[in-house]
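Please keep the viewer open while you read.

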Amino acid sequence: MSIVIVGGNECMVRQYKDLCSSFNCKAKIYPKMSKGMKDFGSPDLLVLFTNTVSHKMVHCALCELKGKPTRIARSHSSSMAALKSILEEHVA
């Protein structure tokens, strides 16, 4: 399963990847706006950490996925526990 995470803390990118790999998922993480956000493909799940992300980033991510069968999970918190509960809900 492929996952794209938009937002979150830059210092926790490695921890997010490790947690996703423990669920047998590949993760692309964009903690801040970058050119790579324009072509992240067609992931199975998009995780939006709404507290640490700008409206522009949310808009770019949602426009990129328009018309694709990607599930979207939003979380106000960008903690490891929040990501773990999202993964338990959508991956298992």
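Does Arg 14 count as buried or exposed? Arg 14 counts as exposed, because its relative accessibility is 54% (buried means under 20% relative accessible area, exposed over 50%, partly exposed in between, with a 1.4 Å probe and protein chains only). This is a predicted model, in which local features need pLDDT of at least 70 and side-chain atom pairs count only at pLDDT 80 or more, while totals for chains, interfaces and linings use all residues. Residues are numbered from 1 along each chain as its sequence is written, and side-chain values use heavy atoms, leaving out hydrogens and water.

Let us turn to helix 1. Tyr 16, Leu 19 and Cys 20 are the buried residues of helix 1 (residues 13-22) (helices are DSSP runs of H or I, at least four residues; strands are runs of E, at least two; both are numbered from the N terminus). They line one face of the helix, because seen down its axis they fall within an arc of 100 degrees, taken from the directions from the helix axis to the C-beta atoms. Arg 14 and Ser 22 are exposed on the other side.

Now for the charged pairs. The count comes to two salt bridges (a side-chain nitrogen of Lys or Arg within 4 Å of a carboxyl oxygen of Asp or Glu).

| Salt bridge | N to O distance |
|---|---|
| Glu 10 and Lys 32 | 3.7 Å |
| Arg 14 and Asp 18 | 3.2 Å |

Glu 10, in the loop between strand 1 and helix 1, and Lys 32, in the loop between strand 2 and strand 3, are 22 residues apart. Arg 14 and Asp 18 both lie in helix 1, four residues apart.
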